[in-house]
Amino acid sequence: MIWCILIIGILLPQSLAHPGFFTSIGQMTDLIHTEKDLVTSLKDYIKAEEDKLEQIKKWAEKLDQLTSTATKDPEGFVGHPVNAFKLMKRLNTEWSELENLILKDMSDGFISNLTIQRQYFPNDEDQVGAAKALLRLQDTYNLDTDTISKGNLPDPEHQRANGNLKYFEYIMAKEKDVNKSASDEQSDQKTTMKKKGIAVDYLPERQKYEMLCRGEGIKMTPRRQKKLFCRYHDGNRNPKFILAPAKQEDEWDKPRIIRFHDIISDAEIEIVKDLAKPRLSRATVHDPETGKLTTAQYRVSKSAWLSGYEDPVVSRINMRIQDLTGLDVSTAEELQVANYGVGGQYEPHFDFARKDEPDAFKELGTGNRIATWLFYMSDVSAGGATVFPEVGASVWPKKGTAVFWYNLFASGEGDYSTRHAACPVLVGNKWVSNKWLHERGQEFRRPCTLSELE
């Protein structure tokens, strides 16, 4: 009964735990070491119980032989003075010692360790969050229940092929259900929109987002693909990059998304992660009504903010962004480091503040977010892409690279095609860091516009 109670105590969710483990794979690794320590403690407890039972067993075997001999001739046995003395001694002393041995609680060390470690256990929120993450992965990546329950996650390439077939079947079924008059009306609308150069897509954003996460529905045509190039970039003849220019690759044309290769070293990545890990907390978003930061279910990750003065590496990274973009980072937000959790994601959102959010960055006093710089600090085995549902673009994580895009047009108006999302991480551990650059401080600078990067 005691053993059952101990096991139940270990397995049941504990309310004393710190919430939010499910939002960061990096912090979840600490739980592995916690459980390993508990298993070691549990084995020590089992060994102690086995040693105690072995002592009791030997004592029982010895007394079994002794009493078997004594009961054959009780009077003759106790007639021997030594036997009589030992009988008195056993019953008066040794049986009491055996009683104390049996009553001795060998679990004190284990229970003490469990009590200490319990404060670091996940709680109900973590368990529910992880369960929701599995459902999210199942929906986003079209995983059947049997596959995900057995943990046999499929090859992403296979999922892409299967998803394409489902996509075409969906389109065909949709076309059959639409009546002729509605089809004619849509045709007229499409013709008008195409003449105006507006992309045509009637799929719901959620569906477009999930398709892009699976690698489906990407709208890059061969003709547009030919206009994307790789190049060396010296940051407007910046002395730091004349002899060792940065390697650039066009990821997308409209909006222009540039990837910088080998732009952050493994050593720098580890330092940034080490600085961020102790401070990781549930990632927040700007509440459009209050302008304040708050947590949201559509953003599952933990983040930390690093200032340039904290470490030379952070300062060096900030200056690298300034040198390559031509944008002043003194008015930028601090470097945000994020680690995604189980099925970690950030659903479609804008980085810039819309007209209906005039107070979004009022406290900063640096204007709107003019551009976004995003470092990928880990490879991701499956999932975790950055997708742009409005234009059908997918950018996949690659350790040591960074992507850059402008959120605002030269007029200061927001570019709504930059609406993007971080797809759920299917397999792996995703680390990123980003820098949001603001309008203030750019008035008299000559930024490297994306047209100049062609």
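**Close-up views of a predicted model**

View 1. Strand E7 (residues 301-306) is mostly covered, with 5 of its 6 residues buried (buried: under 20% relative accessible area, exposed: over 50%, partly exposed: in between; 1.4 Å probe, protein chains only). Strands (E, at least two residues) and helices (H or I, at least four) are DSSP runs numbered from the N terminus. This is a predicted model, in which local features need pLDDT of at least 70 and side-chain atom pairs count only at pLDDT 80 or more, while totals for chains, interfaces and linings use all residues. Residues are numbered from 1 along each chain as its sequence is written, and side-chain values use heavy atoms, with hydrogens and water left out. E7 pairs with strand E4 (residues 281-282) in the antiparallel sense over 2 bridges (two strands pair if DSSP finds at least two bridges between them). Serine 281 has serine 303 in E7 as its bridge partner. E7 also pairs with strand E8 (residues 335-340), in the antiparallel sense over 6 bridges; here alanine 304 stands opposite valine 337 in E8.

**View 2. Packing of helices H2 and H4.** The axes of H2 (residues 25-72) and H4 (residues 81-103) come within 10 Å and cross at roughly 150° (axes are lines fitted to C-alpha atoms, for helices over the stretch in contact; angles run from 0 to 180 degrees between N-to-C directions). H2 and H4 are therefore roughly antiparallel (over 145 degrees). Residues in the contact (heavy atoms within 4.5 Å) are Lys52, Gln55, Ile56, Trp59, Leu63 and Leu66 of H2 and Arg90, Glu94, Trp95, Leu98, Leu101 and Ile102 of H4. By class, the contact of H2 with H4 has 8 nonpolar, 1 polar and 3 charged residues (nonpolar: Ala, Val, Leu, Ile, Met, Phe, Trp, Tyr, Cys and Pro; charged: Asp, Glu, Lys and Arg; polar: the others, Gly among them).

**View 3. Packing of helices H2 and H5.** H2 and H5 (residues 108-118) pack with their axes 9 Å apart, at an angle of about 165°, which makes H2 roughly antiparallel to H5. H2 contributes Thr34, Asp37, Leu38, Ser41, Leu42 and Tyr45 to the contact, and H5 contributes Gly109, Phe110, Asn113, Leu114 and Gln117. By class, this contact of H2 with H5 has 5 nonpolar, 5 polar and 1 charged residues.

**View 4. Surroundings of phenylalanine 229.** Phenylalanine 229 lies in the loop between helix H11 (222-225) and strand E1 (230-233). Its relative accessibility is 49%, so phenylalanine 229 counts as partly exposed. Leaving aside neighbours within four places in sequence, phenylalanine 229 is in contact with Gln248, Glu249 and Asp250. The C-alpha atoms of phenylalanine 229 and glutamine 248 are separated by 8.3 Å, the two residues being 19 residues apart along the chain.

Definitions and conventions:
Angles under 35 degrees count as roughly parallel, over 145 as roughly antiparallel, 65 to 115 as roughly perpendicular and the rest as oblique.
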